[in-house]
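Here is a friendly briefing to read alongside the model. Please keep the sequence and the 3D view open as you go.

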Amino acid sequence: VQLVESGGGLVQPGGSLRLSCAASGSIFRFNVMGWYRQAPGEQRELVATMTTGGTTNYASSLKGRFTISRDNAKNSVYLQMNSLKPEDTAVYYCSLDMGGSNYWGQGTQVTVSS
């Protein structure tokens, strides 16, 4: 199983970015895909997850600014990030949970700075 993220970059405060992640390999029909992030010197933290059935779980502090979505046919998950703040700066990791196993992407850097 391989996860490939894209869409990170440098954005000014108040701006938006959309992250994408595509999973390839043997993917179970039921799975949970999502996003986590890790800022320098901090632990990795939940951003949002979404099941194949559409159930979502958000970090409470991010709900309203960030929106997760997915395309099951493409084994892909997306993260729309709006009203970005400098404290959103982190490496964002795509995750896939299925069959008791957990997989991670390589991470994509998001930097929010003027």
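The notes below cover the salt bridges, the disulfide, a strand hairpin and one serine.

This is a predicted model, in which local features need pLDDT of at least 70 and side-chain atom pairs count only at pLDDT 80 or more, while totals for chains, interfaces and linings use all residues. Residues are numbered from 1 along each chain as its sequence is written, and side-chain values use heavy atoms, with hydrogens and water left out.

**Salt bridges**

- Side chains of opposite charge can pair when their charged atoms come close.
- The count here comes to three salt bridges, a salt bridge being a side-chain nitrogen of Lys or Arg within 4 Å of a carboxyl oxygen of Asp or Glu.
- R37, E45, R65 and D88 are linked in a network of these bridges.
- E45 meets R37 with an N to O distance of 2.7 Å.
- E45 is partly exposed at 37% relative accessibility, whereas R37 is buried at 8%; buried means under 20% relative accessible area, exposed over 50%, and partly exposed in between, with a 1.4 Å probe and protein chains only.
- D88 also forms a salt bridge with R37, the closest N and O atoms lying 2.9 Å apart.
- That pair links distant parts of the chain, 51 residues apart: D88 sits in the loop between β8 (76-81) and β9, and R37 in strand β4 (residues 32-38). Strands (E, at least two residues) and helices (H or I, at least four) are DSSP runs, numbered from the N terminus.
- D88 forms a salt bridge with R65 too, with 2.8 Å between the closest N and O atoms.
- Because D88 lies in the loop between β8 and β9 and R65 in the loop between β6 (56-58) and β7 (66-71), this pair ties together parts that are 23 residues apart in sequence.
- Both D88 and R65 are buried, D88 with a relative accessibility of 1%.

**The disulfide**

- A disulfide is a covalent bond between the sulfur atoms of two cysteines.
- The structure holds one disulfide, the term being used for a pair of cysteine sulfur atoms within 2.5 Å.
- C21 and C94 form this link, with their sulfur atoms 2.0 Å apart.
- The C21 and C94 link is left-handed, with -80 degrees about the S-S bond.
- Distant parts of the chain are joined here: C21 is in strand β3 (residues 17-24) and C94 in strand β9, 73 residues apart.
- C21 is buried at 1% relative accessibility, and C94 is buried at 0%.

- β9 runs antiparallel to strand β10 (residues 101-104), and four bridges join them; two strands pair if DSSP finds at least two bridges between them.
- Within this pairing, L96 has Y103 of β10 as its bridge partner.
- Two residues lie between the strands of the hairpin, and G99 in the turn has a positive phi of about 55 degrees.

**S95**

- S95 has its place in strand β9 (residues 90-98).
- S95 is buried, with a relative accessible area of 1%.
- Leaving aside neighbours within four places in sequence, S95 is in contact with L3, V32, M33, G34, W35, Y36, N102, Y103 and W104, where contact means heavy atoms within 4.5 Å.
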